[in-house]
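Please read the following report alongside the sequence and the coordinates, which are shown here for reference.

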Amino acid sequence: MNKISTLLAQRLALGLLSLWFVSVIILLGVDFLPGDIATEILGQSATPEAVAAFRQALGLDQPLHIRYIHWLGAFVQGDFGSSLANGRQIAELLGSRLLNTLFLASVTAVIAVPLALGLGFLAAIYRNGFFDRMINSATLTFISFPEFFLAYLLILLFSVKAGWLPSLANVDPSQPLFERVYRVILPALTLTLVVTAHMMRMTRAAIINLLASPYIEMATLKGVPRWRVILTHALPNAWAPIINVIVLNLAYLIVGVVVVEVVFVYPGMGQLMVDSVKKRDMPVVQACSLVFAATYILLNLTADVLSVLTNPRLRHPK
Amino acid sequence: MSKLIDDLKLGLQQGRIDRRTFMQCMLAAGAGVALATSFPGNALADTTASTPKRGGNFKLGIASGSTTDSFDPGTYGDNYMQSVGHSIHSYLTEVTNTGELVGELAQSWEPSPDAKVWRFKLRPGVQFHNGKALEASDVVASLNHHRGPDSKSAANSLLAPIVDIQADGKDTVVITLNGGNADFPYLMSDYHLPVMPAQDGKVNATDGIGCGAYMREAFDPGVRTLVKRNPNYWKPNRGWFDSVEFLVIADVGARTNALSTGEIHAMNGCDLKTVHLLKRNNALEISSINGGQHYSLPMNTTMAPFTDKNVRLALKHAVDRKTMLETILHGHGEVANDHPISSGYRYFNKDLAQREYDPDKARFYLKQAGLDSLKVDLSAADAAFAGAVDTAVLFKEHAAKAGIDINVVREPNDGYWKNVWMKKAWSMDYWGGKPTADWAFSLVYGKGASWNETFWDDEAFNSLLLSARSELDDGKRRQMYGEMQGILRDDGGALIPLFANYVDGISRRIGHDKLASNWDLDGLRAAERWWFA
């Protein structure tokens, strides 16, 4: 266990450094974009006077590094600041969006992860059989379609034709949990179709890889049934790569679903980030990026810790 | 015969045939123009007139809207906050659904003889949502929010002609202009200029308190705004819904699905490519309104080769507007005549000949300019308007027949207004319709206008603009504005090929009168004017 706490401490420290680095890159990146919040908000109706007044009111006439230091000073004290565009507290703005994003990701994960593992497991058992080929081609077909196309297809089938499910996933905190789950079924299904193939194929490949090992052959020769060979002998050694792929997909479900959000009008973080970049609302862009970066760092850390925990050789090093 | 007419009427109401087909069949049936046009009014805009009644939660899906939105009317940049603004706010004046100007918070107004000083008398007994009574000082503070060097409002230059605003007692506002303007009360209906409650001579623009039909209930920028009926609203025949939800639905497919599945009751911005399919849905009504919104290709008249009037004329003759109307707008619009005044304007000049596609004439004007051929760059991006890039490419094909080589430069949507528009010699943009000809001209084509995108400075035009503005005689104004449309058509730097309709989808459960044409969604007042049938 001591090894794990050292690992955790090291990785968290490195994570903080990465976050700082991300914040600098975002700062420079947004600054390189043409225009600033004044010109983008005023758009076609921007006059030089209005732009100048806008900049002054928001303190944008100060140099970039001064603004960054002010922002960083507040940020390390836990103050995310407020949106330049409408003065709303970012913590408040981000809070509900982040919860929505996590909600959609969790509902999807609850469907997709067991499904992918189960299918991968079955595909490994019936390797090269009809079932294996069918599952492989079906999941690969779904992953090959663009997300919005799958989304439209599901909307057409389940909401326009059948009328079972809503085409808008407009959740808000006042709705009861059941209602919210009902509203996100279609986006969750879309995302499930998108992420299943990756996890399923990794499960299958990791298991099949091990099936050629001598200790599996030994088990088979002992007369252990095939499903038990895979479940109790192969799977424990296959966890590490599977966990890594699952975590990668979970991270994707949190940071990469803006297209699905747009099609289903789901108020998640992706749309917030796109809007803020469009309007050059720097503090909001920073906050979103840091949340996304932290998601990646923490999930990767989780994957590594779990890999260690599932592997006795790493858990008890000599 | 009458059976045929009834069939046609039914077809029209159910959306199986469009208005044009209906008219053609009616005329073919010998019904005559008067009879044909007397049937269901303007069928595409007005089929669900019924007796208004209270109640219901109206859900409206709007194409624009962003997480960066704010209640500050100085930042209202697109239909979303403009529509929300019209539900919670009232203005001094209102443009009705038939295009007339009536008083809203102003009960009456009168100009000085030179139309330079305007006295607005306020309606008594109006209350803000916070209980405060409307006073002249609120109007003064609300307008001052957009004025002065410290104002970051987009309406700053709109109000630049105002030199002074004073409250005269509690119920009169006196506004002094730097020059006469007979249309000034129209300006007071602009969506940037709602009246908000003042405290110590300042308004709190971002808290969303007004005296409109609805009160702010929940505001989640870029997602949804919920407003509830204002029980103290002074208009007896407006604000029928119990509550209204404004939903931001940027994706046109998502909007259309939401409307067809009954998740929302109305949407703006139908997909023109598929709207003919949507029309087959009997539960929906598709409205297509020419509100003077037009697409423009402004040439910078101070940059080569557009300094030469003949080059501009050559290009204006090298575009096939009719094909463009069918291809880009699928017929949902009208061809334009290189000036912004559409047939809906009071002072539209009917006698001005429509410019046609004529490659020979274009060649002729090129020769006049001393050129055999012409190669020009046209900066295009869909940020200017939906279909701008297609328009440019289509234009390139048309112009090729006149020996003009248009090089379409595809620009990024991001930052388009800052880096391309009014920076490159020839770019694209759009303008909404304005309530008056003076407004449409002064904003874009007058000397010194902040948005003079063509950098055009024509003496005759500018002096006509000034004298027409302060002229109170209607006949003379009509003549002057007519003349200005001609000057702009033949000499101006803007190539204006099309008027684009506002094409919206409305559930048949919704009742409404004739739809207004000054802005999209019934003059931005769908929430206030519509009801559940």
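The report below treats chain A and then chain B of a predicted model.

## Overall build of chain A

Taken along the principal axes, the C-alpha atoms of chain A fill a box of roughly 85 × 60 × 35 Å. Of its 318 residues, 47% count as buried, and among the contacts between residues at least 6 apart in sequence, 74% join residues at least 24 apart.

## Annotated transmembrane regions and a kinked helix

The unreviewed UniProt entry lists residues 12-30, 102-126, 138-160, 180-200, 238-264 and 284-309 of chain A under "transmembrane region". Over residues 12-30 the model is 100% helix and 0% strand, with the end C-alpha atoms 27 Å apart. Over residues 238-264 the chain is 93% helix and 0% strand, and here the end C-alpha atoms are 36 Å apart.

Helix H8 of chain A, which covers residues 177-211, spans only 43 Å between its end C-alpha atoms, whereas a straight helix of 35 residues would span 51 Å at 1.5 Å a residue. Within H8(A), a kink of about 45 degrees lies at A:Ile185, shortly before the proline A:Pro187.

## The annotated domain of chain B

For chain B, the unreviewed UniProt entry assigns residues 100-447 to "domain: Solute-binding protein family". Over this range the chain is 22% helix and 24% strand, and the end C-alpha atoms are 28 Å apart.

## An enclosed strand with parallel partners

Strand E1 of chain B (residues 57-62) has 5 of its 6 residues buried, so it is largely enclosed by the rest of the structure. E1(B) pairs with strand E12 (residues 243-248) of chain B in the parallel sense over 6 bridges, and the bridge partner of B:Phe58 in E12(B) is B:Val244. A further 2 bridges join E1(B) to strand E13 (residues 266-267) of chain B, again running parallel, with B:Leu60 standing opposite B:Ala266 in E13(B). Strands of a sheet pair through backbone hydrogen bonds, either parallel or antiparallel.

## An open antiparallel sheet

Elsewhere in the account of chain B comes an antiparallel arrangement, in which 4 strands form an open sheet in the order E16-E20-E15-E19. Strands E16 (333-335) and E19 (429-431) of chain B stand at the edges with a single partner strand each, so one side of each is left without a neighbour in the sheet. On average, and with direction ignored, neighbouring strands of this sheet are turned by 30 degrees against each other. Strand E15 (residues 294-298) of chain B is joined to E19(B) by 3 bridges in the antiparallel sense, and B:Ser296 has B:Asp429 in E19(B) as its bridge partner.

## A buried lysine in a loop

Is B:Lys235 buried or exposed? This lysine lies in the loop between strand E11 (224-229) and E12 of chain B; B:Lys235 has a relative accessible area of 7%, and because the cut-off for burial is under 20%, B:Lys235 counts as buried.

Leaving aside neighbours within four places in sequence, B:Lys235 is in contact with B:Glu94, B:Glu104, B:Arg525 and B:Glu528. One of these, B:Glu528, is 293 residues from B:Lys235 along the chain, and the C-alpha atoms of B:Lys235 and B:Glu528 are separated by 9.9 Å.

Note on methods: Residues numbered from 1 in each chain as written. Chains lettered and ligands numbered in written order. Predicted model: local features only at pLDDT ≥ 70, side-chain atom pairs only at ≥ 80, totals over all residues. Heavy atoms only, no water. Expected span 1.5 Å × (residues − 1). Bend = angle between axes of the 7 residues up to and from the residue. UniProt positions renumbered as here; feature names shortened; annotations may be inferred. Pairing = 2+ DSSP bridges. Axes fitted to C-alpha atoms, helices over the stretch in contact; angles between N-to-C directions. Buried < 20%, exposed > 50% of the residue type's maximum accessible area, 1.4 Å probe, protein only. Contact = heavy atoms within 4.5 Å.
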